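Student: I am new to this structure. Please take me through a single part of it, slowly enough that I can follow along.

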Amino acid sequence: MKLGSSQQPVAAGDRGCSTVDYKSDADRETAHNNSQSQISTSSAFVLIFTNEYTVPRFFVEFSLVSVVRFSFSFAALLWYLKPSLRRYIMGELGQLKVVVVQGKRLVIRDFKSSDPYVVVKLGNQTAKTKVINCCLNPVWNEELNFSLTESGGILNLEVFDKDLLKTDDKMGNAQLDLRPIVSATRLRDILRVSSGETTLRKVAPNRENCLVRESSINCVNGVVMQNVWLRLGGVESGELELTIKLITPSN
Ligand SMILES: [Ca+2]
């Protein structure tokens with residue numbers, strides 16, 4: 001092969017520019033085709049790159065929206081169908097039902113009797129019973145509901161004498177530690193007790209609590225409940241009977 005008939009183009013270095021001298025029209029056409037091919041390849045790369053960037057982003061956005069929509073729909077459905085699960089999500093340990101059963105030997109705050117009612121507090125939640133007029137041994141049998149959000153809650157009770165023309169008089173107070181019923185409920189879950197009646201634990205009276213006598217915590221058909229007699233403090237006499245039930249998400 002002669003040097004002058006080489007298929008490679010010769011650069012015009014003497015003219016100090018980037019133009020290329022071709023020995024024949026065929027060389028020029030070949031170079032043009034190569035250039036067009038490179039341009040087409042670059043354009044295709046850009047298109048592919050653009051598509052690869054656009055398509056996944058579209059799918060990602062679509063997927064995220066779908067996941068969020070599905071999550072909200074699922075949560076709303078559960079919220080509607082399962083109140084106990086709703087309470088669990090809200091951080092609630094359970095629902096505490098306090099039945100204020102009756103009072104005995106309450107103190108006199110009027111001339112010969114009193115008009116007692118009970119105020120029950122758990123944390124910042126407050127509920128009270130109706131007033132029973134002229135009675136020192138009232139029977140309320142009234143259920144008050146609370147949300148139990150911590151395992152170490154204390155139930156506070158105060159008895160008052162209802163008066164119309166002056167501030168209601170105090171008729172004593174008492175407290176009930178809720179830790180025993182919470183621990184008994186955990187024991188029920190461990191033992192998987194769901195039917196019949198089972199005594200889970202007993203709480204004895206001592207200087208730390210207001211119990212008049214020993215109290216049993218039983219599981220009756222899956223519901224953990226405790227019946228207590230509490231001695232009222234700050235007064236000469238008086239006792240309160242309560243039944244508390246702890247309803248948890250497992251009920
Ligand atoms: Ca009164």
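Tutor: First, the ground rules. The model is predicted, so local features need pLDDT of at least 70, side-chain atom pairs count only at pLDDT 80 or more, and totals for chains, interfaces and linings use all residues. Residues are numbered from 1 along each chain as its sequence is written.

Now the setting. The chain has three helices and 12 strands. Both are DSSP runs, numbered from the N terminus: helices are H or I with at least four residues, strands are E with at least two. Our sheet is open and has four strands. Their order is β5-β4-β7-β8, and the pairing is antiparallel. Two strands count as paired if DSSP finds at least two bridges between them. Strands of a sheet pair through backbone hydrogen bonds, either parallel or antiparallel.

Look at the edges. β5 (125-128) and β8 (169-177) stand there, each with a single partner strand, so one side of each is left without a neighbour in the sheet. From one strand to the next, the twist averages 20°. For such angles, axes are lines fitted to C-alpha atoms, for helices over the stretch in contact, and angles run from 0 to 180 degrees between N-to-C directions.

Next, β4, which covers residues 116-122. Five of its seven residues are buried, so β4 is largely enclosed by the rest of the structure. Buried means that 20 or more other C-beta atoms lie within 10 Å of a residue's own; exposed means 12 or fewer, partly exposed is in between, and C-beta atoms are placed from the backbone. Across the chain of 251 residues, buried ones make up 22%.

Start on the β5 side. β4 and β5 pair in the antiparallel sense over four bridges. L122 has Q125 in β5 as its bridge partner. K121 stands opposite T126 in β5. The two strands form a hairpin, with two residues between them. In that turn, G123 has a positive phi of about 65°.

Move to the β7 side. β7 spans residues 154-161 and pairs with β4 over seven bridges, again in the antiparallel sense. Y117 has F160 in β7 as its bridge partner. For V120, the bridge partner in β7 is L157.

One step remains. β7 and β8 run antiparallel, joined by seven bridges. Among the pairs here, N156 has Q175 in β8 as its bridge partner.
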